[in-house]
Amino acid sequence: QVQLVESGGGLVQPGGSLRLSCAASGSIFGIYDMGWYRQAPGVQRELVARTTSGGSTDYAASVKGRFTISRDNAKNTVYLQMNSLKPEDTAVYYCYADVHVYRTGRNDYWGQGTQVTVSS
C-alpha cells in the first residue's frame, strides 16, 4: 500500500556530511509525522529526528545542531542533512512515516534502511 524508499547513505570521513532522502509512494491520503531512526549493532533503535506535517521538528540531543530534518509535502519526501559527522553516528538509518492510507486508515510505515558509516 505504501512504500518508503531511502537513498543517500554511504561512507564518509569524520567531520564530513551526508544527505539522506526518503520518498513515500502508494495510496496516500495524507502524511502526518515523518522522521528518521537509527540503529547501531547491539544498540536499541533510537529516534534521530522527526517533523510534523506543519513543519515542527524534534531532534535527539546527540545530533542537535549538526543534523537538519526537512520535508517536501508535495513530493511526500523527508530529508536528513547530516553535518559534522562523528564515528558514533555510524548506524543503519531508517525513515518512517505516519500515513493515512485511502480506505484503510492510519499506520506507520518504514523504509528498508540505509547504512551510514563514519570512519577515517
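This section describes the aromatic pairs and the arginine–ring arrangements in a predicted model.

The structure contains four aromatic pairs. In one of them, the ring centres of phenylalanine 29 and tyrosine 102 are 5.3 Å apart and the planes meet at 80°, so the pair is classed as edge-to-face. These two residues are 73 residues apart and join distant parts of the chain, with phenylalanine 29 in strand β4 and tyrosine 102 in the loop between β9 (91-101) and β10 (105-110). Phenylalanine 29 is exposed, at a relative accessible area of 53%, whereas tyrosine 102 is partly exposed, at 47%.

The rings of tyrosine 37 and tyrosine 96 are also paired edge-to-face, with a centre distance of 5.5 Å and planes at 70°. This pair again links distant parts of the chain: tyrosine 37 belongs to strand β4 and tyrosine 96 to strand β9, 59 residues apart. Tyrosine 37 has a relative accessible area of 22% and is partly exposed; tyrosine 96, at 7%, is buried because the cut-off for that class is under 20%. Tyr37 and Tyr96 form one aromatic cluster together with Trp110.

Strand β4 (residues 28-39) also holds tyrosine 32, which is partly exposed at 31% relative accessibility. Arginine 106 lies over the face of the tyrosine 32 ring, 3.7 Å from the ring centre. Beyond its neighbours within four places in sequence, tyrosine 32 contacts Thr51, Thr52, Ser53, Arg71, Asp98, His100 and Arg106. The C-alpha atoms of tyrosine 32 and histidine 100 are separated by 7.8 Å, although the two residues are 68 residues apart along the chain. Elsewhere, the charged end of arginine 45 sits over the ring of tyrosine 94, at 3.9 Å from its centre.

Conventions:
Residues are numbered from 1 along each chain as its sequence is written. This is a predicted model: local features need pLDDT of at least 70, side-chain atom pairs count only at pLDDT 80 or more; totals for chains, interfaces and linings use all residues. Side-chain values use heavy atoms; hydrogens and water are left out. Helices (H or I, at least four residues) and strands (E, at least two) are DSSP runs, numbered from the N terminus. Buried means under 20% relative accessible area, exposed over 50%, partly exposed in between (1.4 Å probe, protein chains only). Contact means heavy atoms within 4.5 Å. Rings of Phe, Tyr and Trp (its six-membered ring) pair if their centres lie within 6.5 Å; planes under 30 degrees apart count as stacked, over 60 as edge-to-face and the rest as tilted. A charge sits over a ring if NZ of Lys or CZ of Arg is within 6 Å of the ring centre and within 35 degrees of the ring normal.
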